[in-house]
Amino acid sequence: MTVKEIVDAMSMQRALTRITYEIIEKNKGVNNLVIVGIKTRGVFVAQRIAERLQQLENAEIPVVELDISTYRDDTNERISRVSDLGVSIDDKRIVLVDDVLYTGRTIRAALDALMDNGRPAAVNLAVLVDRGHRELPIRADFVGKNIPTAASERIKVKMAEIDGLDSVEII
């Protein structure tokens with residue numbers, strides 16, 4: 001098994017800063033913005049974007065954790081799907097955040113979960129890595145790095161908050 005680091009800590013920081021500026025530009029500021037991070041590493045990416053927004057715009061942006069496990073289409077479990085976000089998303093501009101965009105199925109599940117919680121004015125998608133291989137017509141509005149991969153390869157995102165260091169590896 002070959003492991004190659006393709007994004008180091010500094011490159012990750014630059015990518016997140018670029019995404020933050022793009023979010024500000026697209027939304028014409030940060031009014032009415034809510035950042036929703038998909039568990040687990042998407043939450044850490046979301047928190048870092050919110051911290052950078054705080055530094056740049058001097059505004060506290062709500063960050064919400066979204067658990068999409070009950071919305072996945074690869075399980076047959078029929079459990080209660082309502083997951084309270086703790087924040088109203090009605091008429092808000094949502095930035096949905098994940099670490100890796102692959103087939104699009106995680107994002108589809110996240111959109112279902114969001115819609116069960118309200119009716120946002122708009123939803124944009126921010127991802128640290130887009131690796132291709134989409135199975136659904138989903139595309140990110142903000143991408144840290146496009147990394148074309150073979151279907152047999154994996155992308156491993158490491159975040160200091162949970163892994164002790166920042167990096168993106170291709171395996």
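In what order do the three strands of the open sheet stand, and is their pairing parallel or antiparallel? The order is E1-E8-E7, and the pairing is antiparallel. The structure is a predicted model, in which local features require pLDDT of at least 70 and side-chain atom pairs count only at pLDDT 80 or more, whereas totals for chains, interfaces and linings use all residues. Residues are numbered from 1 along each chain as its sequence is written, and side-chain values use heavy atoms, with hydrogens and water left out.

Helices (H or I, at least four residues) and strands (E, at least two) are DSSP runs numbered from the N terminus; two strands pair if DSSP finds at least two bridges between them. Strands E1 (4-7) and E7 (155-158) each have a single partner strand and stand at the edges, so one side of each lacks a neighbour in the sheet. On average, neighbouring strands of this sheet are turned by 30 degrees against each other, direction ignored. E1 and strand E8 (residues 167-170) run antiparallel and are joined by three bridges, and Val7 stands opposite Val168 in E8. Helix H1 (residues 9-26) packs on the sheet and touches E1, E7 and E8, contact meaning heavy atoms within 4.5 Å. The direction of H1 makes about 30 degrees with that of E1; axes are lines fitted to C-alpha atoms, for helices over the stretch in contact, and angles run from 0 to 180 degrees between N-to-C directions.

Nine salt bridges are found in a search of the whole structure, each defined as a side-chain nitrogen of Lys or Arg within 4 Å of a carboxyl oxygen of Asp or Glu. Accessibility is classed by relative accessible area (buried under 20%, exposed over 50%, partly exposed in between; 1.4 Å probe, protein chains only). One of the salt bridges joins Asp163 and Arg41 at 2.9 Å, N to O. Asp163 belongs to helix H4 (residues 160-163) and Arg41 to helix H2 (residues 41-57), so the pair ties together parts 122 residues apart in sequence. Asp163 is partly exposed at 26%, while Arg41 is buried at 17%.

Arg48 likewise forms a salt bridge, with Asp166, the closest N and O atoms being 2.7 Å apart. Because Arg48 lies in helix H2 and Asp166 in the loop between H4 and E8, this pair ties together parts 118 residues apart in sequence. Arg48 is buried at 17%, and Asp166 is buried at 15%. Arg48, Glu161 and Asp166 are linked in a network of salt bridges.
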